[in-house]
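I opened the model to look up a few residues, the sheet and the charged pairs. My entries follow in the order in which I made them.

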Amino acid sequence: MKIITVNINKGGTGKSTFSYNFSKWLSKIKGYRVLLIDGDSSCNLSYSFNRKSSKSIFNIFKNGEFEILNIDKNLDFINGSSQLTDDSLELRKRQNNCLIIFMWIADNIEMLSNYDYIIIDTHNDSSLVTSNFIAAADLVLGISEPSRNGYRAWLELKNTIASLKNEVVDIMTRKSYIQAKPYLIGNKIEHIGNTSKEFLETIVEDDHFLGYLPKKELLAKSLLLDKDIFEQQENMATYEKARNMQFFNNVEILFDKILETIQYNAI
């Protein structure tokens with residue numbers, strides 16, 4: 001079981017849309033067993049699925065209790081909560097306040113090991129809540145749209161992970177509990193326009209760059225419709241499928257590269 005956290009400290013980059021479509025691809029196209037967790041206090045994924053539950057990610061932080069909802073074949077989900085903030089949870093007063101999710105996973109490892117992947121969507125901040133999701137991850141995917149602030153947020157994410165690795169250590173061995181490795185994905189890239197061109201020229205030089213997704217209405221409306229891009233593809237006319245073939249090929253290449261990367265890092 002591998003854990004992928006999706007994060008960057010900037011709004012509007014498309015983290016939730018990416019988490020949604022990547023999870024659907026893993027579970028439907030690849031046949032992996034996936035647990036998707038809404039760790040974003042904006043609750044975009046939870047609103048999209050619109051499935052009620054008695055407990056949310058908030059309860060996991062509070063007392064370890066949880067409810068897992070089945071969304072589709074091979075895809076389960078834990079609802080988000082608008083209360084998921086450092087203040088509401090009083091995290092600054094708690095010991096090991098960056099390791100609460102880490103410990104919850106350890107406590108429930110037998111059950112969670114039934115999944116191949118856990119995907120965690122996060123809020124666009126650098127809170128203790130978000131640090132928990134980073135601390136538990138094997139891979140952290142920074143999703144950035146083409147802007148200077150987006151790239152700065154990516155550099156901040158790398159620094160945050162490095163700081164956590166230095167600070168969250170075993171007191172006896174001094175070995176870090178944090179194993180997460182950061183990788184960058186460009187999003188909402190336009191083929192026409194200097195901003196996207198300059199952004200791509202910058203990020204392709206980054207050793208942690210995995211690839212990019214173009215700006216595409218199919219992606220933008222997937223959460224709104226609760227239909228991933230592959231479901232939308234199934235409903236397309238033949239000429240539409242042909243027109244969008246390159247887009248879907250590029251998505252497959254990027255998603256496969258993410259899997260390759262996490263499997264390589266597991267060796």
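Entry 1, Ala 180. I began with Ala 180, which sits in the loop that runs between helix H8 (148-167) and strand S7 (181-189). I note here that I am working with a predicted model. Is Ala 180 buried or exposed? I read a relative accessibility of 0% for Ala 180; buried means under 20%, so Ala 180 counts as buried.

I then listed the contacts of Ala 180, leaving aside neighbours within four places in sequence. Ala 180 is in contact with Ile 134, Ala 137, Asp 138, Val 140, Ile 161 and Lys 165. I also checked Ala 180 against Ile 4: the two are 176 residues apart in sequence, and their C-alpha atoms are 8.8 Å apart in space.

I moved on to helix H8 itself, where I found Gly 150. Gly 150 has a relative accessible area of 0%, and therefore I logged Gly 150 as buried. Not counting residues up to four places away in sequence, Gly 150 touches Ile 8, Lys 10, Ser 144 and Glu 145.

In what order do the eight strands of the open sheet run? I read the order as S3-S4-S2-S5-S1-S6-S7-S8, and the pairing is mixed. The edges are strand S3 (69-72) and strand S8 (209-214), each of which pairs on one side only. On average, neighbouring strands of this sheet are turned by 25° against each other, direction ignored.

I looked at both partners of S1. With strand S5 (residues 117-122), strand S1 (residues 2-6) pairs in the parallel sense over five bridges. I found Thr 5 opposite Ile 120 in S5. With strand S6 (residues 139-144), S1 again pairs in the parallel sense, over three bridges. On that side I found Val 6 opposite Leu 141 in S6. How many of the five residues of S1 are buried? I counted four, which makes S1 mostly covered. I kept one general point beside this entry: side chains in a regular strand alternate between the two faces of the sheet.

I next looked up Asp 40, placed in the loop between strand S2 (34-39) and helix H2 (44-49). Asp 40 is buried yet has no salt bridge. Which side chain of opposite charge is nearest to Asp 40? I found Lys 15, at 5.7 Å.

I then looked for polar partners of Asp 40. The side chain of Asp 40 reaches the backbone nitrogen of Ser 42 at 2.9 Å. The side chains of Asp 40 and His 123 are joined by a polar contact of 2.6 Å.

I searched the whole structure and got eleven salt bridges. Lys 24 forms one of them with Asp 228, where the closest N and O atoms are 3.5 Å apart. This pair links distant parts of the chain: Lys 24 is in helix H1 (residues 15-29), and Asp 228 is in the loop between helix H11 (222-225) and helix H12 (229-234), 204 residues away. Lys 24 and Asp 228 are both buried.

Lys 24 also forms a salt bridge with Glu 231, the closest N and O atoms being 3.3 Å apart. Glu 231 lies in helix H12 and Lys 24 in helix H1, so this pair ties together parts that are 207 residues apart in sequence. Like Lys 24, Glu 231 is buried.

I took one further pair, Glu 90 with Lys 93, a salt bridge whose closest N and O atoms are 3.5 Å apart. Glu 90 counts as partly exposed because its relative accessibility is 42%. Lys 93 has a relative accessible area of 68%, so I logged Lys 93 as exposed. Last, I noted one network, in which salt bridges that share partners join Lys 24, Lys 28, Asp 228 and Glu 231.

Terms used. Residues numbered from 1 in each chain as written. Predicted model: local features only at pLDDT ≥ 70, side-chain atom pairs only at ≥ 80, totals over all residues. Heavy atoms only, no water. Helix = DSSP H or I, 4+ residues; strand = E, 2+ residues; numbered from the N terminus. Buried < 20%, exposed > 50% of the residue type's maximum accessible area, 1.4 Å probe, protein only. Lys, Arg positive; Asp, Glu negative; His and termini not counted. Salt bridge = Lys/Arg side-chain N within 4 Å of Asp/Glu carboxyl O. Polar contact = N/O pair within 3.5 Å; in protein donor to acceptor, adjacent residues only side chain to side chain. Pairing = 2+ DSSP bridges. Axes fitted to C-alpha atoms, helices over the stretch in contact; angles between N-to-C directions. Contact = heavy atoms within 4.5 Å.
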